[in-house]
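Trainee: Could we go through this model together?
Mentor: Gladly, ask away.

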Amino acid sequence: MAAQNVAEFLLERLKAWEVDTVFGYPGDGINGIVTALGRGEGPRFVQSRHEEMSAFEAVGYAKFTGRVGVCLATSGPGAIHLLNGLYDAKLDHVPVVAIVGQAARTSLGGSFQQEVDLPSLFKDVASDYVQQVTVPEQLPNVLDRAIRIAQARRAPTAVIIPADVQELEYSAPTHEMKMVPSSLGIEWPAVHPGMDAIRKAAEVLNHGKKVAMLIGHGARHAAAEVEQVADLLGAGVAKALLGKDSLPDTLPFVTGSIGLLGTRPSYEMMRDCDTLLTVGSSFPYAQFMPEPDQARGVQIDLDPTMIGLRYPYEVNVVADAGEALRALIPLLVRKEDRGWCENIERKVSEWWATMRDEALVEADPVNPLRVFSECSERLPASAIITADSGSSANWYARQLRFPAGVRGSLSGNLATMGPAVPYAIGAKFGNPGRPVIAFEGDGAMQMNGLAELITISRYWQEWDDPRLVVVILHNNDLNQVTWELRAFSGSPTVPMTQELPDVDYASFAAGLGLGAICVDNPEALGAAWDEALTATRPVVLDVRTDPNVPPIPPHATFEQAFNTAKSAARGDENAWQFIKEGVKTKAQELLPGHRH
């Protein structure tokens, strides 16, 4: 029997860590690993169309499984292509391990083809751990540490293996000086809070009369405790964008998203509260938080580097969200005056009615809000939702009403274009029995999504549940940037930069053997969603949407929205259309029954 080489040991070690999927693209810098994969050893290999997509798929896999995501790329350009996806992992605190090839050791420093200084390249994005393996005995420790650190720090790490090292006979570290042994596995502790801090937090919260809660992704495994605390305190609960699936929107006191993409109830709750409890969130936009001298504050976060960072909190508790809230609950006194909570619940109810009315505003041809509203009414209980950056993120944040059990995410902090479809692919490999829906603008679809439809076409029959719906907001415009030009720069749209070529996405999908549905009539949307969500294969839902429906922020008054539209209209060929749509949309908040 032939001796095991380094590449073979690498795959064996990944399997021992229960890594079941590696997303990647081949190249001669990883020929040794590819050869070992070809022998049927190691995890399942998923070939993307581009290394950036491999990284995004690893991020999506990690986000929707809670396990480490792994991506694989060759040396030089392949390694470089991983960077954007790895930065997405870094900024959203997602555990991903990148395994990359390198030129042979004998050529390093000789300006050889595809030689790039990879430790320097990955120094920032994988700042928690990046290491190059130069001898076989080094590999177990490097790989094990990369996996543990990715999990512990919730960050990307990188392992660089030169091509010739992959082919060497594997030799384990020995019991000698300067050898570093290693071991598999890790048992995580429950991070308990200090009771002095909990008592201080309880004092602040019990004193408050108008309590607001802000939760993020760090609170997702403490939903029951968040709900109980909110009930005791008579509080409303706003959600940072990455925490959208941390608590169901169907609870009457959940005000929904916060920030520029957020809801009016969240904005008004923060404006009027006298006490703030933040759990598992590093939401960065101070202008949507209470005024510094307005509210007393308590923050609970597992990460001590993110504590006390966004608001002048009075009490900062480093602990697991669930552990801290369970310790806090016995010390909280139930608020007998429920007026604050009842007012929040009324506003939330009115908000969802307003969102439905805004979705029904006539547009040319389809109002993009209605695409999301019709989906929201039909969400399968176990659905996973991904959304891209751009205008689709606006409607994802505001229009989708998540029930219990639905998961969702997007590129929260990097806000990069193009991850929705690869996220969805990663989610399907991690959760093959769950339906997945990806919302894409047509700009992101042309950037990344079209090519990854090929990946979907190749692999979908391996999934237990074949449903993967890719929804395209087809308006031939880079719509989010168009609106940013109008609103922030007072500039008309610049057609040479903003207009997109018209693409027949449905025909492209059909040519790959996928389902394809075109919609250019709003009355056909409901039936289209029903068809897509009951299909026996992945479906592209190509919806012709109106680019002139504005993403009006929650704090904008009717007068502000109208004046912004007028000021930005100078020279904009679509001025009348977007002023008209803005007025009609904002007017829904002012109709009887919708006034706050």
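Trainee: What is the strand order in the open sheet of six strands?
Mentor: The order is 9-8-7-10-11-12, with parallel pairing, where two strands pair if DSSP finds at least two bridges between them. This is a predicted model, in which local features need pLDDT of at least 70, side-chain atom pairs count only at pLDDT 80 or more, and totals for chains, interfaces and linings use all residues. Residues are numbered from 1 along each chain as its sequence is written, and side-chain values use heavy atoms, with hydrogens and water left out.

Trainee: And which strands stand at the edges?
Mentor: Strand 9 (254-257) and strand 12 (315-318) do, each with a single partner strand, so one side of each has no neighbour in the sheet.

Trainee: How many bridges link strand 8 and strand 9?
Mentor: Strand 8 (residues 236-239) pairs with strand 9 in the parallel sense over three bridges, and V237 has V254 in strand 9 as its bridge partner.

Trainee: Switching to helices, at what angle do the axes of helix 3 and helix 5 cross?
Mentor: The axes of helix 3 (residues 51-65) and helix 5 (residues 83-92) cross at roughly 25° and come within 7 Å. That makes helix 3 roughly parallel to helix 5, a label for angles under 35 degrees.

Trainee: Which residues meet there?
Mentor: From helix 3, E52, A55, F56, V59 and K63 meet N84, G85, L86, D88, A89 and D92 of helix 5.

Trainee: Last one: what does T263 do at the start of helix 11?
Mentor: A side-chain oxygen of T263 reaches to within 3.1 Å of the backbone nitrogen of S266.

Technical notes
Polar contact = N/O pair within 3.5 Å; in protein donor to acceptor, adjacent residues only side chain to side chain. Helix = DSSP H or I, 4+ residues; strand = E, 2+ residues; numbered from the N terminus. Axes fitted to C-alpha atoms, helices over the stretch in contact; angles between N-to-C directions. Parallel < 35°, antiparallel > 145°, perpendicular 65-115°, else oblique. Contact = heavy atoms within 4.5 Å.
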